[in-house]
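Have a look at the structure first, then read on.

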Amino acid sequence: MYRSHVLVCGGTGCTSSNSTAIIEALEKEIEAKGLKDEVKVIKTGCFGLCALGPVMVVYPEGSFYSEVKVENIPEIVEEHLLKGRIVKHLLYEETTQTPDIKSINETNFYKKQKRVALRNCGVIDPENIEEYIAMDGYQALAKALTEMTPEDVINVVKDSGLRGRGGGGFPTGLKWSFTAKNSANQKYVVCNADEGDPGAFMDRSVLEGDPHCIVEAMTICGYATGATEGYIYVRAEYPIAVHRLEIAIKQAREYGLLGKDIFGSGFDFDLHIRLGAGAFVCGEETALMTSIEGNRGEPRPRPPYPAVKGLFAKPTTENNVETFANIPQIILRGAEYFNSMGTERSKGTKVFALGGKINNTGLVEIPMGTTLREIIEDIGGGIPNGKKFKAAQTGGPSGGCIPASLMDTEIDYDNLTAIGCMMGSGGLIVMDEDNCMVDIAKFFLDFTVDESCGKCTPCRIGTKRMMEILEKITNGKGTLEDLDELESLASYIKDNSLCGLGQTAPNPVLATLRFFRDEYVAHVVDKKCPAGVCKALLNFVIDEDKCKGCTLCARNCPVGAISGTVRNPHTIDSSKCIKCGVCVSNCKFKAISKK
Amino acid sequence: MLKKISKIPFKGTPEQEAQLKAVIEECKDDKSLLMHVMQQAQAIYGYLPIEVQKMIADGMDIPLEKVYGVSTFYAQFALSPKGEYNISVCLGTACYVKGAQSLIDKVTEILGIESGECTEDGKFSLEACRCIGACGLAPVLSINDEVYGKLTADQISGVLAKYQA
């Protein structure tokens, strides 16, 4: 027994901010102080609050140390671990604002969260199967294999109301029942861990923080659908996740939880890992299967659906990581446990990756039906630097944006679809008044143009044409007709593309046109970028009151666009100005601004 | 996606070839492992010149055109060698809204290379990458395996200086 446990985040965010060195320093210092038998250091998965990384929590107190540096370790070990005095000045600031120091779970960021898929992330050592088992791990599998028929399992998943968390929101139980119905000499289970939506990292955190739950869930799915082999397709950009999955699969095999005759039930199941190689389209289910088969990851027309003819032309069930992560809890605690959370048609919780212009960047898991306002203001801690919230982007390159006027929308699948947005995999990027919505639409379209696999014409050529129009607009050469052209191209691409990538590619443009049409009009008619982002539309002006006439700007201007005499206010000739910004960075009196 | 194909002559060693042959030997009976073999080959050679693709095609008994097709489809397969230090600037959404483009522009200004290029001395290469998942540290760039977060364009020259010595 240890009297104290120190949990250090070993997720990608904190590893990038050097948590590995912190663990080494901790272990060294604990050893030196002779506390090795009393204090245990555990490298966990992601805690979620990545903005404050590296993070570290000391139990039993739940003291939440944030932005820890290697230099702080001797003090924490000496004071807190040896003498029992919490080092207040190194704690996360919010926990020290009240007379009693708050534990990590009482902070605003964690208080409103409800962790089902992330329940073990930041709690257990993901590289140790026994810690997972101690958290009721593999009990759901035991229950399914020894007490339930495959139909029972499917019915519980159906009754839970779980819908696919990868974006589409298709009912999971129904999907499983389709594969179960088809007889074949071989069926497969595939886990889609090709999390390509830029700005989303919930799947990675589950794989890094709780890999065994995916192994367990896929085995349960195999039992329910009659599959004996599974593939996990992971982005190659996630080396830590791959490493921990490999360990988890090896340990599960050693414990007889994968392989032949699991739990003496006569059921066989095994798993393989396949690495992606950086193609966004492979997140689409048929493209992903084509890629596992060793081909260019191009999508296939549906029907036939994967439940009939999927991987290697056999019936296949494919679910995303977060969907699988909910399964063990649903089986273990029953459908009612899960469907008591959420809204009428969207049950359970959803994990969001909060990013962009928000104070508490990180991962949050909330019950469906939580409003965007609660997520951003309460959990996310608001917008930095006192700026105004402008929009939240969901669903990545396939999604749309939610403007400030709709901040009280309850987040679930149907409400988001109703406002022309989509749940997507759960990336939630916050934008403030300094972000130009036309530029954001261009950013996403640039992404889809680049990632279009080229198989079908509407997506390959259509998105390119839309991109050209957006470039024209941001360069100040757009017309009002271009906006109509964008809309008609968008609807054509949506209707005629082969797969989800093309069908949803125009969404960011349509959503920004819908909610921020005035910004487009400002670009096209007034030739101005209200947020001051699109360079071609900016005019640099010198404030006469602030200008001291030092001539520094005029001497540095590469095109001689600035004129004026010593000690008199200067002026910029905008017809000569190339908008390089040299004058702004040189001015000592902050007299030059972009308008 | 358009890929830049290297004009630098191929300089593989017999040791590298032996390593690749061992990988191929292990995998040749399962053609679905083609991508795995290519990933291993890239780990051995650092990139996938046509000579290496040919060895894979012959060894796996898969047409070269298919190997080439796969290598040009996926962003991670490099057809030209990377620099000793590969600078990878994240252009995921979270980084982009926090100004990642200005980081790329600054690196280009200092080193004179665009995304996808390598400096003449082979020391630095620059690429824009998709989300590396460190969104809490946005904007980020990584140089080989070292990640630098919460950067501003002004800090770039300081970061690069560590490697320029």
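Predicted model: local features only at pLDDT ≥ 70, side-chain atom pairs only at ≥ 80, totals over all residues.

## Two helices side by side

Which residues in helix 6 of chain A meet helix 10 of chain A, and which residues of helix 10 do they meet? On the helix 6 side you'll find A:Ala140, A:Leu141, A:Ala144 and A:Leu145, and across from them in helix 10 sit A:Glu216, A:Thr219, A:Ile220 and A:Tyr223. Sorted by class, the residues of this contact come out as 6 nonpolar, 1 polar and 1 charged.

As for geometry, helix 6 (residues 139-147) and helix 10 (residues 211-225) of chain A pack at about 10°, and their axes are 9 Å apart. With angles under 35 degrees counting as roughly parallel, helix 6 of chain A is therefore roughly parallel to helix 10 of chain A.

## Domains of chain A

Chain A is assigned domain 1 (4-109), domain 2 (129-338), domain 3 (349-432), domain 4 (437-524) and domain 5 (539-594). The C-alpha centres of domains 2 and 3 of chain A are 27 Å apart. Domain 2 puts 15 residues into their contact and domain 3 puts in 17. The domain 2 side has 4 nonpolar, 6 polar and 5 charged residues.

## Where the chains touch

Between the chains, 39 residues of chain A and 31 residues of chain B are in contact. On chain A, helix 1 (12-16), strand 10 (349-356), strand 14 (427-432) and helix 17 (437-451) each supply at least two residues. That side of chain A has 14 nonpolar, 19 polar and 6 charged residues.

Methods: Residues numbered from 1 in each chain as written. Chains lettered and ligands numbered in written order. Contact = placed C-beta atoms within 7 Å. Helix = DSSP H or I, 4+ residues; strand = E, 2+ residues; numbered from the N terminus. Nonpolar A, V, L, I, M, F, W, Y, C, P; charged D, E, K, R; others polar. Domains from an automatic or database assignment. Axes fitted to C-alpha atoms, helices over the stretch in contact; angles between N-to-C directions. Parallel < 35°, antiparallel > 145°, perpendicular 65-115°, else oblique.
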